[in-house]
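I opened this entry to keep track of what I looked up.

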Amino acid sequence: MTMSWKKLSLVMCLAVSLTSGCKTRDRPSAGPGRSEGDWLLAHMLSDPEQLNPLTSNDAGASTVLGFIFQSLLTRDPRTLELKPLLAEARPVISENKLTYTFKIRRDALFQDGRPLTGEDVLFSLKAIKCPLVNAPFLRVYYDSVVDARLLDPFTIQFDTREPYFLNESVLGGIDVLPRHYYDPDDLLHNVTVPKLIGAEGSLSENVKRFAEQFNKNYTRKPLGSGPYRFFKWETGQEVILERHDAYWGMGKEGIDQPHLYLFRFRIINNMDAALVSLKSGGLDFMSLQPLQYLRQTGSKRFESEFAKYVYFSPGYTYIGWNNAHPIFRDKRVRQAMTYLTNREQMVKTVLFGLGQVVDSPIYYFRPEYDRSLKSTPYDPQKALELLREAGWADTDGDGLLDNVIDGKKTPFRFEIKFNSGNSTRSSVALTLQDELKRHGIAATVRQLDWTIFLDDVRNHKFDAMILGWSMSVNEPDAFQVWHSSQAANNGSNMIGYNNPRVDKILEAYRREFDPGKRIALYRAFQQILHDEQPYTFLFIGKAVSAVQRRFHGVEVLPSGGLRPIEWWVPLSEQKYTGRPEA
Amino acid sequence: MSAGKASLQGSAQNGGTLVGTAGSNRGAGYWSLVWRQFRRDRLAMAGLTVVAGLFVVAIFADFLANDKPYYMRYQGASYFPIFRSYLVQMGVGKWPPELLNVDFKELEGETKVFPPIPYRSNNIDLRAPFADPSPEHWLGTDKLGRDVMAGVVHGSRISLFIGFVSVGISLTIGIVLGALAGFFGSWVDLLISRLFELMLAIPTFFLLITIAALLPPSIFLTMSVIGMTSWVGIARFTRNEFLKIRNLDYVTAAIALGVSNRQVMFRHILPNALAPVMVSVVLGIAAAILVESSLSFLGIGVPADLVTWGSILNEARSNSFAWWLAVFPGLAIFITVLAYYLVGEGLRDALDPRLRGS
Amino acid sequence: MWRYIVQRLVLFIPTFLGITLIGFLIMHLAPGDPADLLAGGGLGAAAGEGISLEKRGTVDQALAQWRAQYGLDRPLHVQYGYWLKNLFTLNFGDSFKDNQPVAVKILDRLPVTLTLNILSIILVYLIAIPLGIYSATHSYSLGDQATTLAAFILFSLPVVWAGTMALVFLCGGDFYYWFPPAALTSIDYSPQWPLWWKIQDRAWHLFMPVLLLSYSGFAGLSRYMRTGMREVLEQDFVRTARAKGLAERVVIFKHVLRNSLIPMVTILASILPGLIGGSIIIETIFSIPGLGQLGYQAVLARDYPTVMALFTVSSMLALIGILLSDILLTVVDPRIAFGRREV
């Protein structure tokens, strides 16, 4: 599904040069004469749940699988343009924008030596579409694809449901699985894509058998076409990938060349233990927590051994106001709440300065982001003015503001919900509570277990909640979060936002294939959102990584963070040689 | 089993029951005997002093650490904000409008007399996160600028509260079940003993984590669950005592006289059976405090805006450079638990008649 | 005696069912279920940036499908029934997290937790028994008081505190690097290593965790030993032995000790129940892949089959432990044996 390059780092970003405190390597990366060899010991916070590319759900698995699987198209890490990988070129798109035709490279091979053909691509799509395969979200993501067929063994054609400019990216992002490995008995051979769509009840025996074995038997031994091959997974200890020496892309133009022999992802559940391991040579590469970056990695010794990289991670944290709630129905109240949230100070204290205040749901460094929006400052006076305008005042001297809503006298009391295990959100909630207390607003905080929290949020059972969205650096599509149709059925529009003008803009945007026109549409969208403040947008965070200095070619990329696949170690500095036995 | 063998076995397990004085009413004379023996144990007395000290701190927490002053002269009038806050909490007082929702430290009053620690445990100060221990913040601050000393002082209230309520719950359950089992014997005993087995076999900590992690965090839930999983020891001791005492003459006499079962159990037998249970109670309080700190350490069981010793320790885990977050609350837990253990062990020794006179 | 054992075993059954029922009810009655977790992007999303926009979309169908797949849409008693039925074939089901058979996952981690606990028990007994003997024979001396105080200090030291301090100060990082901070083996561990190397490496990694797991046991067990032994020392037969002129050492080690060890043996069996829950904290702090860690993560991930399996295994161990303890007491303590024979 998502591009393989994206899975190389756990966080993504853009615009390296804008980041403060960023220490890029002095040595020039690039050029021939890069030596092969050595191992990279990377940190992984917990075991991936499983390594089946379709059914896995967690970031750890994504990272690992990103080295193993490839797709038809990929994004250039520097220009962010789509470019062909397993395909020979970008697809031919029909006039009505509904049909995409891809020609597949003839020289691509899977890691067991077998050739990669259109059959494998078609199989991969069918596996996604099969309702019994344990990948409901992926299936929803590919909802727009309605049919596919092979025009010849190396040409595949897809039909999509409606014109949507992101379809090319979606189709180009299908991870190509080897049919002969994942479906050795070719059970899906006679099933066509349309038959699989929504057909749950009436599926043939073959399909059922396929789904069962696909879900169960492939969780620990992935096989793809990428430059790194799965070697071992020692539960609770590490996942090891080794370089596929017979990689089809070796020596070819425009394709990432793998230099390092081994990637060892060491599983250490505890960030402190991980830092200790880094310092004592047990790890070469890990993400640092803000405090670790600021306070525990400043020694001379550390600086001489490791280089630190700071970059933005696309994703923002926000306070979601339940737009149907009697108190928060009024946009003046929501605006007031934003004036009362000292976001700059939160970035300084809660994020330790590693972040940036944002005012819109679009990624800050994308062209679609409206830089002309005036960021709401922390201004309690203005907030109180707005609240007075909305009818709030302390009429009974008990220290709490109150108002008459729907004929009833209502004190300004509400509850902020957030999930446990997240220190940032907890800090935001407590800070907000403290601030509001001083102005006569009584907020209670309620910390819930993640699944319970999600349940409540999806069913709109909250007054206010703190959550985050993580995105990619690719073209945004705000439909899923802001369109009114997405408020029902546990959709992503959890605050129940409903604005017909916005709905129209979001729909038009999806059909628009001209980037310039898309930007204009989203400008209008953001202006409306800024006025209505359905969320109080908080900030995007910066991520920090430390890399052992013997690795060359390390740089922060526009595509998001670091790409270990580009790294290499000069022979004289290599630390580990050879390969481990199985 | 004969009474002699039973008492040998019983004493091996609970370190002291009164053999030989069975039949006499263990009245005031008995407990003063115990007290005298207790007093001779220096360690136990030290423990008792600390326990008492903790009580004082817990009760007077509001006067030791508060963001309101004891006394303030403001715009010509005198105020006693701390007392006033008590009145407001009880519902019988109100804040005058000029003092509503104000930050007392910023008020321009003529005189202000603040408590030694001028913060409450939940006062957020985003300008001073992770401050080192200093004259301003004696034990430093946490990630939101909350004063650690205030947290330790107010945290004592919560820890003691949790300790006492949990043990109270397990005491109630344990005594009732143990009494029933010991008094009635036969199938009642059989059934209740199965229950003991069940409770012993359940992986309690695991159960605790399961419940605390899944349900919305609240200290009441935590206390109840701790209480409901730790009553077996008390129940067993009670049962054993009841089994022994039940066969004694004075009890047989009481039953023959027609005293109701309930009266016999709770008015005649129970007061004499309590001795070993006391030890369990004291040790139980310490154990409950330890369990709560373990749960907070894992980040479950306590609501986000409540500052407890365990929650500060949890913060220390992800911020290990901030050693003051680990050392001081950890020290507080340690000293408290140690004190209770010393008292408990001292009590056990004092209750053991064979240790007298040595 | 056999009749007694069989009797007890039969009585275990309701207890066992009771425990599993409790575990089942708690997991299922708690709000939230594994489908919700999967829908939210797994646990990673909770702690991290947030829910991925890529993988969202209307969730209802997804949830329904997952629930059906796991059999979560059937009524509770039916689910329990199925689970019990599977239990008879020792089929603990497949984990919700990764579809691996739970039995395999548990067996994978069992040796680790067992090693940890067995080493810990050995260490505790090795230290506590001599300490207890010393305390009992030199009661109220300065040495005894010091030992007592030390024991209490250890007993009161919260493991969460001691463990974190150990990790930060002794295991690399900015202070000392005496022991490794995580895992069971070094990075360049290889099965080709000579046995001696492997043992050394293991020992180095396990030292801190085992020590932390054991220190509170030193206190508890030595106190127990002390009390028990002191009681025996009061007895007539000891006075007789001394009167006979036997050397004190012989009295202690030949006569007293044997009788004092009886309760210690029974304590051994009571350690079994703590096998799973006892090491959760240590395993978390030191990232050790044992049963405790498995259990904790399974709870958070709503992985019902794993949690139920752990509950079951743990309670079975505990019940066996209780039975063993009673049997051992019968066998080892001649007084009870005699009593029984007379009857």
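I count two residues as in contact if their C-beta atoms, placed from the backbone, lie within 7 Å. The model is a predicted one.

**Entry 1: chain A against chain B.** I looked up the contacts between these chains. On chain A, 27 residues are in contact with 22 residues of chain B. I then asked which elements of chain A give two or more residues to that side. They are helices H8 (271-279), H9 (290-296), H12 (343-349) and H14 (423-437), together with strand S17 (442-448). H14(A) gives the most, with nine residues. I also sorted the chain A side by residue class. It divides into 14 polar, seven charged and six nonpolar residues.

**Entry 2: helix H14 of chain A.** I went on to H14(A), given its nine residues on the side that touches chain B. Next I checked burial. H14(A) is mostly covered, with 11 of its 15 residues buried. I noted a run of buried residues: Thr424(A), Arg425(A), Ser426(A), Ser427(A), Val428(A), Ala429(A), Leu430(A), Thr431(A) and Leu432(A) are among them. Glu435(A) and Leu436(A) are buried as well.

**Entry 3: strand S18 of chain A.** Is S18(A), residues 464-470, enclosed or open? Seven of its seven residues are buried, so the strand is largely enclosed by the rest of the structure. Ala464(A), Ile466(A), Gly468(A) and Ser470(A) point one way. Met465(A), Leu467(A) and Trp469(A) point the other way.

Then I looked for the pairing partners of S18(A). Strand S12 (residues 306-321) of chain A pairs with S18(A) in the antiparallel sense over seven bridges. There, Thr317(A) has Gly468(A) as its bridge partner. Strand S16 (residues 413-419) of chain A pairs with S18(A) in the parallel sense, over two bridges. In that pairing Ile416(A) stands opposite Ala464(A). I also found a pairing across chains. S18(A) is joined by two bridges to strand S1 (residues 51-52) of chain C, and these run parallel. Ser470(A) has Ser52(C) as its bridge partner in S1(C).

**Entry 4: the nonpolar core.** I looked up the largest nonpolar core and found 324 residues in it. Leu208(B) and Ile209(B) have the most contacts inside this core. Helix H12 (residues 261-298) of chain B gives the largest share, 19 residues. What does Leu208(B) touch beyond its neighbours within four places in sequence? I listed Val225(B), Ile226(B), Thr229(B), Val291(B) and Leu295(B).

**Entry 5: chain C.** I noted 16 helices and one strand. Chain C has 343 residues, of which 46% count as buried. Among its contacts between residues at least 6 apart in sequence, 71% join residues at least 24 apart.

**Entry 6: confidence in chain A.** Mean pLDDT is 86, and 93% of the residues reach 70 or more. By element, confidence is highest in strand S5 (residues 99-103), at 95, and lowest in helix H3 (residues 136-141), at a mean of 78. Over residues 1-31 of chain A, pLDDT stays under 50. The model has 90 contacts beyond four places in sequence for that stretch. Where pLDDT is low, predicted coordinates should not be read in detail.

Notes
Residues are numbered from 1 along each chain as its sequence is written. Chains are lettered from A and ligands numbered from 1 in the order in which they are written. This is a predicted model: local features need pLDDT of at least 70, side-chain atom pairs count only at pLDDT 80 or more; totals for chains, interfaces and linings use all residues. Helices (H or I, at least four residues) and strands (E, at least two) are DSSP runs, numbered from the N terminus. Ala, Val, Leu, Ile, Met, Phe, Trp, Tyr, Cys and Pro count as nonpolar, Asp, Glu, Lys and Arg as charged, and the others, Gly among them, as polar. A nonpolar core is a set of buried Ala, Val, Leu, Ile, Met, Phe, Trp, Tyr and Cys residues joined through C-beta atoms within 7 Å. A residue is buried if 20 or more other C-beta atoms lie within 10 Å of its own, exposed if 12 or fewer, and partly exposed in between; C-beta atoms are placed from the backbone. Two strands pair if DSSP finds at least two bridges between them. pLDDT is the predictor's confidence in each residue, from 0 to 100.
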